[in-house]
Amino acid sequence: MTKTAFLRPRSAPAEHTGSLTGLLREWLPRQRWFAGKDRPVTDLGVLSMTELFPGCLHVLVHAGHGGVPAPGGNPPAGDCYQLLLGVRETPSPRLGRALIGRVRDGQLAGMTVYDALHDPRAAQMLLERLRRPGASGPLRFACDAPQEVPAGLVPRLLDAEQSNSSLVYGDEYILKVFRRIQPGVNPDLEVPGALARQGCHRVPAPVAWFRTTHPFKATLGVLQPYLRNASDGWTLALDALAGGDDFTAQAHALGRATADVHLALASAFPVGAPGENRRTAAGMTERLTAAAHCVPALQPFVPGLRAAFAALTTCDPGPPAQRIHGDLHLGQVLRAGREWFVIDFEGEPSRPLTERRSAHSPVRDIAGMLRSFDYAARQRRPWRPEWARRCREAYCAGYAVRAGWDPRKKHGLLRAYETDRAVYEVLYEARHRPDWLPVPMAAIERLAVRGD
C-alpha cells in the first residue's frame, strides 16, 4: 500500500524530518550531482516522502545555502533533490558503497538507509512501476502506449554519474533519474518526444516517464531506448587521440547531425526573431561577473572577456533563436554504426528550467561542441591544440552543409558564445573537478587575450 507524507521544510513534524535530515546533511554534499558543493548547507528539509513500495521511499528534499549571494544580490534560494532511499534493518553487504547511515530517532529509528538506485531489487521494482501507468501518492507514471516495455530486464547503475543518475535495463532501455528537480516539464522529456513526432531519427524517443504533483509539478525521470553497441563521442575522441588517428571525418558527420537536429527543433517549436544580441550580451556579462566573484583566477581576464560580449552587440545577429540542445558536447552524442545520435536534452542543470526551455541561438550548441573538442585535446600532455583546430573546422563545415549557413562566418557570435561556455566551465570545474580547471582556463586566456 502506498503511504504518503506531505511535508514542508520548516513545518514538518519532527518525527519525519529528524529521522533523516541529520544523515542527509552529511551525505548529500558528497554526491557528484549535488550542486551546492561550494556553499554550506544551512537548511535541509523533507518536502515529500512516498513509500513507493515496501522498503523503498521516494523523497524530495530541500537544501538551502547561505554565504555566496546569487547574481543581483539576492540570497540563493536552495535546491530540491530527488532521492530513492532503501530502508532495511540489515542491508546486503553488496550495498556498502550506497549506505547513507543508520537512523537514530523518529519513525525509522534503528533502520539503515541507503541509495536504492544501487539496489537491483529496487531498480527492478521501479521499472515495473514505469510499465504500468498510474499514481502513487503525488507520483504519476506514464508510458507511450504503442511501445510495451518487457518485464524482468536486469538493471545496472551506470558508474559515470554526473548531474543525474542512470539505470540501464537489459541493454534495451535507459532510465535517467533526475536528481536536481525544478518545477515544470523537463526538456529531456519534452524535446525528444517532440523530435520523434517530427520523424527525427537522431534522438531516442521516450517510452515511459514519471513526475510529481507535490510540492510542485515536475518531471522526475525518463525511460528511453538504449543504443547498444554505441560509443559516446567523448570516448571515441579520446581513442582517436591516443591512437594518433584523425577525427575530422567523424567531426564533419557530427556537424551534419547537429544541423539535422536543429532543423527538426526549428520545425517542432516556435522560432524567435533575430536581433536579441544586446540582451544576450548583458546576460553573458552578468554570468561572468558572478563567476569571477566565485573563481578569483578569472579576474585578470575579465576586461578581455567583457570585450567579447560587448562585440556581440554590434555584430551580425545571426540565425533566429530556437529551441536547442542547451548543453551539447562530445559526451552527449553517441555513434552507432555510421550514424551519430544526440541524447540528454536537459540543458545546463545550473540554469533555471524556464531559461532552458526558451529559444536560444543555435550558435550556443555549436560553441559547446567546439569547446568539447578542446577539452578532449587537453586530456594528456602534450596538449594537442592542432587536433582540436582540425576537428572544429570539420565540424563547422559539416554543419554548414546541412544548415545552409556557415558558423565560421559568424565570428563575433561564435566568440561570444564560446567565451560564455568557457566561463560556465570554469565555474563548474572549480566547484566539481578542480583538477580540470586548467582546461577551461587555457581557453579563457586564448579568448580574452587573442580573441580567436
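**Helix packing and backbone details**

Helix α9 (residues 363-377) and helix α10 (residues 385-403) have axes that come within 8 Å and cross at roughly 155°, where axes are lines fitted to C-alpha atoms over the stretch in contact and angles run from 0 to 180 degrees between N-to-C directions. Helices here are DSSP runs (H or I, at least four residues), as strands are (E, at least two), numbered from the N terminus. This is a predicted model, in which local features need pLDDT of at least 70 and side-chain atom pairs count only at pLDDT 80 or more, while totals for chains, interfaces and linings use all residues. Residues are numbered from 1 along each chain as its sequence is written, and side-chain values use heavy atoms, with hydrogens and water left out.

α9 and α10 are therefore roughly antiparallel to each other, a term for angles over 145 degrees. In α9, the residues Ile-366, Met-369, Leu-370, Phe-373, Asp-374, Ala-376 and Ala-377 meet Trp-387, Ala-388, Cys-391, Arg-392, Tyr-395, Cys-396 and Tyr-399 of α10, contact being heavy atoms within 4.5 Å. By class, this contact of α9 with α10 has 12 nonpolar, no polar and two charged residues. The loop between α9 and α10 holds Pro-382, and the peptide bond from Arg-381 to Pro-382 is cis, with omega near -5°.

Helix α12 (residues 438-450) has 13 residues, which at 1.5 Å a residue should span 18 Å, and its end C-alpha atoms are 17 Å apart, which agrees; the expected span is 1.5 Å times one less than the number of residues. Just after α12, Gly-451 takes a positive phi of about 70°.

Which other loops deserve a look? A cis peptide bond also joins His-214 and Pro-215, with omega about 10°, and Pro-215 has its place in the loop between β13 (208-212) and β14 (218-225). Asn-229 is exposed, with a relative accessible area of 74%, exposed meaning over 50%. Asp-171, in the loop between β10 (165-169) and β11 (173-177), likewise has a positive phi, near 55°, and is partly exposed at 33%.

Conventions
Parallel < 35°, antiparallel > 145°, perpendicular 65-115°, else oblique. Nonpolar A, V, L, I, M, F, W, Y, C, P; charged D, E, K, R; others polar. Buried < 20%, exposed > 50% of the residue type's maximum accessible area, 1.4 Å probe, protein only.
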